[in-house]
Amino acid sequence: MSDEQTKKKFLYLNRKAPYGTIYALESLEVVLIGAAFEQDVSLAFIDDGVFQLMENQDAAATGMKGFSKTYRALGDFEVRKLYVEKESLDLRGLTVDDLMPIVYEDEDEDYAEKPSIILVGKTEMAKLIADQDVVLSF
Amino acid sequence: MRFAIQINEGPYTHQASDTAYQFTKAALAKGHEIFRVFFYHDGVNNGTRFTVPPQDDRNLQKLWTELAEAHKLDLVVCIAAAQRRGILDANEAKRQGKDGDNIAPGFRISGLGQLIEAGIQADRLVVFGD
């Protein structure tokens with residue numbers, strides 16, 4: 001690890017549905033390991049990536065390990081900004097109510113639970129991506 | 001400029017590794033530094049020395065190995081992704097009780113922290129994949 005106290009803006013850009021390919025699961029593995037590096041971390045969900053956050057996932061019939069609960073635990077890893085693109089939801093007939101209620105505890109406000117999911121439009125998403133130091137695309 | 005390279009796809013099925021190789025070579029030729037090349041997802045399959053492509057085709061593993069030797073590149077294969085896909089070095093083979101290893105010369109197996117560190121240390125992290 002670096003001795004320099006540089007803090008960079010890391011964005012994990014999730015573009016694919018879970019289970020059909022391994023990208024979503026292995027992206028999460030990077031996020032969890034990366035949390036130890038104490039960078040300024042955001043996650044973004046665009047295109048089929050929004051399916052990763054669907055409520056009531058059950059992977060049992062696929063024979064694969066379900067990992068949707070991990071998203072709910074991200075707050076414990078100081079990962080508190082999950083940007084979801086509204087247009088991607090719209091195109092798939094989804095709303096933010098179809099997604100898991102993911103929260104984090106705000107230590108500055110007596111550990112009140114606050115929503116981690118931030119709904120943004122396409123233009124705002126583009127700005128967010130442009131504003132990063134490091135974009136890991138999955 | 002100091003680049004870090006991430007390769008998310010294996011050889012041949014996808015162009016990602018070819019493009020990453022050409023980019024890396026071109027960047028080095030222009031005098032840039034390559035901090036690290038990190039192989040993730042199926043990208044770890046670039047690091048097996050057991051591939052035997054037809055003789056009239058490029059051998060991507062060999063190209064990476066040669067580039068690494070010529071420029072002292074740090075080619076890192078993610079251990080978690082490698083374990084899923086059967087890419088082992090001698091230590092891992094022994095630890096997992098497997099009867100052989102297949103890591104190619106010039107590659108090494110290490111953890112995901114190496115990818116994050118590359119993102120921190122490099123001016124640009126360039127991801128090659130689909």
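Residues are numbered from 1 along each chain as its sequence is written, while chains are lettered from A and ligands numbered from 1 in the order in which they are written. In this predicted model, local features need pLDDT of at least 70 and side-chain atom pairs count only at pLDDT 80 or more, whereas totals for chains, interfaces and linings use all residues.

As for confidence, the predictor gives the complex an ipTM of 0.91 and a pTM of 0.94. Chain B has an average pLDDT of 97, and 100% of its residues score at least 70; pLDDT is the predictor's confidence in each residue, from 0 to 100.

## Chain A

Chain A holds four helices and seven strands. These are DSSP runs numbered from the N terminus, with helices being H or I of at least four residues and strands being E of at least two. Starting at the N terminus, the order is β-α-β-α-β-α-β-β-β-α-β.

The C-alpha trace of chain A spans about 45 × 35 × 35 Å along its principal axes.

Buried residues make up 30% of the 138 in chain A. A residue is buried if 20 or more other C-beta atoms lie within 10 Å of its own, exposed if 12 or fewer, and partly exposed in between, with C-beta atoms placed from the backbone. Of the contacts in chain A with a separation of 6 or more, 76% join residues 24 or more positions apart. Two residues are in contact if their C-beta atoms, placed from the backbone, lie within 7 Å.

Take Gln39(A), which sits in the loop between helix H1 (23-34) and strand E2 (40-45) of chain A. Gln39(A) counts as partly exposed because it has 19 C-beta neighbours inside 10 Å. Leaving out residues up to four places away in sequence, Gln39(A) touches Lys7(A), Lys8(A), Phe10(A) and Gly34(A).

## Chain B

Chain B has an open sheet of five strands in the order E4-E3-E2-E1-E5, with parallel pairing. Strands pair if DSSP finds at least two bridges between them. E4 and E5 of chain B are the edge strands, each pairing on one side only.

Strand E3 (residues 75-78) of chain B runs parallel to E4(B), and four bridges join them. Here are two pairs of facing residues:

| Residue | Opposite in E4(B) |
|---|---|
| Val77(B) | Ile109(B) |
| Cys78(B) | Ser110(B) |

Strand E4 (residues 107-110) of chain B has two faces: Phe107(B) and Ile109(B) are on the covered one, Arg108(B) and Ser110(B) on the uncovered one. In a regular strand, side chains alternate between the two faces of the sheet.

## Where the chains meet

At the interface, 16 residues of chain B are in contact with 16 residues of chain A. On chain B's side, the elements giving two or more residues are helix H3 (79-85), helix H5 (113-121) and strand E5 (124-128). H5(B) gives the most, with seven residues.
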